[in-house]
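This report walks through one protein model, element by element. The sequence and the structure come first, and the description follows.

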Amino acid sequence: MCVEHEFLAVSCRRCLGAEGARLLALFLPSSTLVSLNLEGNAIGPKGAAHLIAGLKENRTLRSLNLSSNFGEESLPTLCEALKKSSVTSLKCAAAPKCSP
């Protein structure tokens, strides 16, 4: 299946989660997205891993916003995956840590 839109912004404030990221990642390899904004969707480290897998094969995405989705532990793997991608603009401020 191919997603034929150039821009996608998901802003449902913490509702996408890891499962939503997994489903989105299934479409990334064949999508024509140029810009993807997932800021504040609580995808977490598992969701980040799914997106990383999908991004490795995507050749059209240029702009990616993953701010406030996961902590710093996912950043090294994400950065390594993006080296091989077409992404030229990245917003990725780590999610603030919640205190109990």
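In this predicted model, helix H2 covers residues 44–55. The buried residues of H2 are Gly44, Gly47, Ala48, Leu51, Ile52, Gly54 and Leu55. Viewed down the axis of H2, these buried residues fall within an arc of 160°, and therefore they line one face of the helix. A general rule of helix geometry applies here: an α-helix has 3.6 residues a turn, so residues three or four places apart point the same way.

What do the buried residues of H2 pack against? They pack against helix H1 (17–27), strand E3 (63–65) and helix H3 (75–83).

**The chain as a whole**

The protein chain has three helices and four strands. Along the sequence they follow the pattern β-α-β-α-β-α-β. Of the 100 residues in the chain, 40% are buried. The chain exposes about 5900 Å², and carbon and sulfur atoms supply 58% of that area. Among contacts between residues at least 6 apart in sequence, 83% join residues at least 24 apart.

**The nonpolar core**

The largest nonpolar core has 23 residues. The residues with the most contacts inside this core are Leu36, Leu38, Leu51, Leu64, Leu66 and Leu78. H1, H2 and H3 are the elements that give two or more residues to the core. The largest share, four residues, comes from H2. Leu51, one of the buried residues of H2, is also on the list of residues with the most contacts inside the core.

Leaving aside its neighbours within four places in sequence, Leu36 is in contact with Leu8, Leu24, Leu28, Leu61, Ser63, Leu64 and Asn65. One of these partners, Leu64, is itself among the residues with the most contacts inside the core.

**Cysteines and loop residues**

How many disulfides does a search of the whole structure find? The search finds zero. The sulfur of Cys79 has its closest cysteine sulfur in Cys92, at 7.0 Å, which is too far for a bond. A disulfide would need the two sulfur atoms to be within 2.5 Å.

Two residues other than glycine have a positive phi: Ala42, with a value near 50°, and Ser68, with a value near 55°. Ala42 is in the loop between strand E2 (35–37) and H2, while Ser68 lies in the loop between E3 and H3.

| Residue | Relative accessibility | Class |
|---|---|---|
| Cys79 | 41% | partly exposed |
| Cys92 | 18% | buried |
| Ala42 | 23% | partly exposed |
| Ser68 | 30% | partly exposed |

Cys92 counts as buried because its 18% relative accessibility is under the 20% cut-off. Ala42, at 23%, counts as partly exposed.

Terms used:
Residues are numbered from 1 along each chain as its sequence is written. This is a predicted model: local features need pLDDT of at least 70, side-chain atom pairs count only at pLDDT 80 or more; totals for chains, interfaces and linings use all residues. Side-chain values use heavy atoms; hydrogens and water are left out. Buried means under 20% relative accessible area, exposed over 50%, partly exposed in between (1.4 Å probe, protein chains only). The expected span of a helix is 1.5 Å times one less than its number of residues. The arc is that of the directions from the helix axis to the C-beta atoms. Contact means heavy atoms within 4.5 Å. A nonpolar core is a set of buried Ala, Val, Leu, Ile, Met, Phe, Trp, Tyr and Cys residues joined through side-chain atoms within 4.5 Å. Accessible areas come from the Shrake-Rupley method with a 1.4 Å probe; for residues, only the protein chains shown count as cover.
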